[in-house]
Amino acid sequence: MIDGKPLTEIINTTHENVKYLKGAKFTPNVRAVPDLAEAVKGATMVCFCLPHQFLKPLMPIIKASVAPGAKCLSAIKGIDFDDKGALLRQRQPLPQRSAAQARWIPRRTDEPRS
């Protein structure tokens, strides 16, 4: 809540996330949705960009809501591990790729590729 208004309402009205991305305007087709199931309903691709520790409890909701065969892209910096290995791979049956792990993506445009 910001000044008594939900952030999603502010984003949908002003096309700006005044809390986390102040000054960066979204295109009018971007819509903030407070319900995760509704936000990913029927999605054929989901991009994860959140702290890794929040992903595990969200996966059942995401799995139940996305389209069959949906792809996932991980932009997560860290990945949780349990006794079976990487949590993202073990608990998440959707196909996924990790941009954060791609060694060929330079951090800045002036960095050489390794």
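Mentor: We will go from the overall layout to the helices, the core, the pocket and a few single residues.

Trainee: Great. What am I looking at, and how are residues numbered?
Mentor: This is a predicted model, in which local features need pLDDT of at least 70, side-chain atom pairs count only at pLDDT 80 or more, and totals for chains, interfaces and linings use all residues. Residues are numbered from 1 along each chain as its sequence is written, and side-chain values use heavy atoms, with hydrogens and water left out.

Trainee: How many helices and strands does the protein have?
Mentor: There are four helices and five strands. Helices here are DSSP runs of H or I with at least four residues, strands are runs of E with at least two, and both are numbered from the N terminus.

Trainee: And in what order do the elements run from the N terminus?
Mentor: The order is α-α-β-α-β-β-β-α-β.

Trainee: What share of the residues is buried?
Mentor: Buried residues account for 25% of the 114 residues. Buried means under 20% relative accessible area, exposed means over 50%, and partly exposed is in between, using a 1.4 Å probe and protein chains only.

Trainee: Let's do helix 1. Which of its residues are buried?
Mentor: In helix 1, the buried ones are Leu7, Ile10 and Ile11. Seen down the axis, these buried residues fall within an arc of 100°, so they line one face of helix 1. The arc is taken from the directions from the helix axis to the C-beta atoms.

Trainee: Why would residues a few places apart point the same way?
Mentor: An α-helix has 3.6 residues a turn, so residues three or four places apart point the same way.

Trainee: Which residues are buried in helix 3?
Mentor: Helix 3 covers residues 55-65, and its buried residues are Leu55, Met59, Ile62 and Ser65. They sit on the same side of helix 3, because they cover an arc of only 140° around the axis.

Trainee: What's on the face turned away from that buried side?
Mentor: That face of helix 3 carries the exposed residues Pro57, Pro60 and Ala64.

Trainee: New topic: which residues make up the largest nonpolar core?
Mentor: It has eleven residues in all, including Val40, Phe48, Leu55, Met59, Ile62 and Ile76. Strand 1 (45-48) and helix 3 each supply at least two residues of this core. The largest share, three residues, comes from helix 3. A nonpolar core is a set of buried Ala, Val, Leu, Ile, Met, Phe, Trp, Tyr and Cys residues joined through side-chain atoms within 4.5 Å.

Trainee: And the largest pocket, what lines it?
Mentor: The largest pocket is lined by 18 residues, and Thr8, Ile11, Ala32, Val33 and Ala39 lie nearest its centre. A pocket is found on a 1 Å grid over the protein atoms alone, as an open set of points where a 1.4 Å probe fits, with protein on both sides within 12 Å along at least five of seven lines; lining residues have an atom within 4 Å of a point.

Trainee: Which helices supply at least two residues of that lining?
Mentor: Helix 1 (7-14) and helix 2 (36-40) each do.

Trainee: Now salt bridges. How many does the structure hold?
Mentor: It holds two salt bridges, each being a side-chain nitrogen of Lys or Arg within 4 Å of a carboxyl oxygen of Asp or Glu. Lys25 pairs with Glu16 at 3.6 Å, N to O. Arg31 pairs with Glu38, and their closest N and O atoms are 3.8 Å apart.

Trainee: Are Lys25 and Glu16 buried or exposed?
Mentor: Lys25 is exposed, with a relative accessible area of 58%, while Glu16 is buried at 12%.

Trainee: What about Arg31 and Glu38?
Mentor: Arg31 is exposed at 57% relative accessibility, and Glu38 is partly exposed at 43%.

Trainee: Last one: where is His15, and what is its phi?
Mentor: His15 is in the loop between helix 1 and helix 2. Its phi is positive, about 60°, although His15 is not a glycine. His15 is partly exposed, with a relative accessible area of 23%.

Trainee: And Asp3, where is that found?
Mentor: Asp3 is in the segment before helix 1. Asp3 also has a positive phi, about 50°, although it is not a glycine, and Asp3 counts as exposed at 79% relative accessibility.
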